[in-house]
Amino acid sequence: MASLAGVGVAFKLAQGILERYEKLDFSSEILPFVAVGTIADIVPLIGENRYYVLKGLELISKGKHYGIKRILENAGYNNIEDGVKAEQIAFGVAPRINASGRLDTVKDAVTVMISENKQEVELAVMSLENLNKIRQDLCAEIFAQADKMAEKDRNNVLVLFNKDWHIGIIGIVASKLVEKYGKPTFLMTYSEETNQYRCSARGVEGCEDLSLHEMISNISDKLDGFGGHTLAAGLYFSEEKASFDEVKKALIESYNKLNR
């Protein structure tokens with residue numbers, strides 16, 4: 001059984017509340033959010049996850065959410081009334097929504113998702129598009145740097161670090177490195193504000209038996225905290241607990257142990 005994304009858990013709670021007040025019909029108003037959140041969280045689209053995504057995409061294609069419709073059109077996906085695919089959300093909607101929180105505040109993303117004022121939504125969509133272009137430039141720069149490091153790395157899992165990498169971008173770049181090298185990838189940067197190493201990790205689709213969460217759990221004694229699931233995770237630690245090299249070595253050993 002597939003694990004629900006956080007948005008799926010929130011949806012079940014909302015359903016319980018709606019059922020309590022006999023307003024379950026309102027569930028259909030929420031499903032577009034569940035579809036977008038589930039796809040963006042990179043959880044396996046099976047079981048309940050698949051059902052929620054299919055129902056949410058069906059509603060989006062029928063024009064039930066103006067903001068999501070406008071992001072799709074702005075991303076070049078027209079004729080959504082013919083059907084919306086998960087890939088269109090993953091590559092068109094999710095990056096633009098994420099760009100807001102990664103590079104600025106989440107205000108524009110929230111506006112697009114919940115505002116009923118079309119003019120307000122249009123301005124927010126334009127802002128998200130501009131932020132997404134900045135994100136793309138940063139992604140290209142960080143990917144080029146990480147790719148050079150990855151080319152020289154002979155381990156079965158990539159664990160790379162640069163103190164100047166943007167914390168809001170490394171998860172996206174990790175996904176691109178997974179696509180190129182077919183290896184679980186951990187990209188780390190350093191936060192002067194918290195004096196901690198911050199990491200975003202991505203797993204290899206099709207290799208769900210090798211869970212990133214389990215892999216990280218095995219080295220939890222070296223970390224200040226972590227979270228995630230099979231294909232996407234994050235962790236953070238301070239040098240008081242371990243050095244980057246120690247965490248890298250431990251992650252590689254954990255991978256090798258699980259991959260026997």
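Axes are lines fitted to C-alpha atoms, for helices over the stretch in contact, and angles run from 0 to 180 degrees between N-to-C directions. Helices (H or I, at least four residues) and strands (E, at least two) are DSSP runs, numbered from the N terminus. The model is predicted, so local features need pLDDT of at least 70 and side-chain atom pairs count only at pLDDT 80 or more, while totals for chains, interfaces and linings use all residues. Residues are numbered from 1 along each chain as its sequence is written, and side-chain values use heavy atoms, with hydrogens and water left out.

**View 1. The crossing of helices H2 and H5.** The axes of H2 and H5 come within 9 Å and cross at roughly 85°. H2 is therefore roughly perpendicular to H5 (angles under 35 degrees count as roughly parallel, over 145 as roughly antiparallel, 65 to 115 as roughly perpendicular and the rest as oblique). Val36, Ile39 and Ala40 of H2 make the contact with Ala86, Ile89, Ala90, Val93, Ala94 and Ile97 of H5, where contact means heavy atoms within 4.5 Å. By class, this contact has nine nonpolar, no polar and no charged residues. Ala, Val, Leu, Ile, Met, Phe, Trp, Tyr, Cys and Pro count as nonpolar, Asp, Glu, Lys and Arg as charged, and the others, Gly among them, as polar.

**View 2. The packing of helices H4 and H5.** H4 (residues 66-74) and H5 (residues 86-103) pack at an angle of about 105°, with their axes 9 Å apart. These two helices are therefore roughly perpendicular to each other. On the H4 side, Ile68, Ile71 and Leu72 meet Gln88, Ile89, Gly92, Val93, Arg96 and Ile97 of H5. The residues of this contact divide into six nonpolar, two polar and one charged.

**View 3. The pair of helices H1 and H2.** An angle of about 170° separates the directions of H1 and H2, and their axes are 9 Å apart. H1 and H2 are therefore roughly antiparallel to each other. Residues of H1 in the contact include Phe11, Ala14 and Leu18, and those of H2 include Ile30, Phe33 and Val34. The contact of H1 with H2 has eight nonpolar, five polar and no charged residues.

**View 4. Helix H3 and its buried residues.** H3 (residues 47-61) has 15 residues and reaches 22 Å from its first C-alpha to its last, close to the 21 Å expected at 1.5 Å a residue; the expected span is 1.5 Å times one less than the number of residues. Among the buried residues of H3 are Tyr52, Val53, Leu57 and Ile60 (buried means under 20% relative accessible area, exposed over 50%, partly exposed in between, with a 1.4 Å probe and protein chains only). The buried residues of H3 pack against H1, H2, H4 and H5. Just after H3, Gly63 takes a positive phi of about 75°.

**View 5. The largest nonpolar core.** This core has 23 residues, and those with the most contacts inside it are Val159, Phe186, Met188, Leu235 and Leu251. A nonpolar core is a set of buried Ala, Val, Leu, Ile, Met, Phe, Trp, Tyr and Cys residues joined through side-chain atoms within 4.5 Å. Its largest share, six residues, comes from H10.

**View 6. The surroundings of Asn156.** Asn156 is found in the loop between H7 (118-151) and S1 (158-161). Asn156 is partly exposed, with a relative accessible area of 45%. Leaving aside neighbours within four places in sequence, Asn156 is in contact with Lys183, Pro184, Tyr255 and Asn256.
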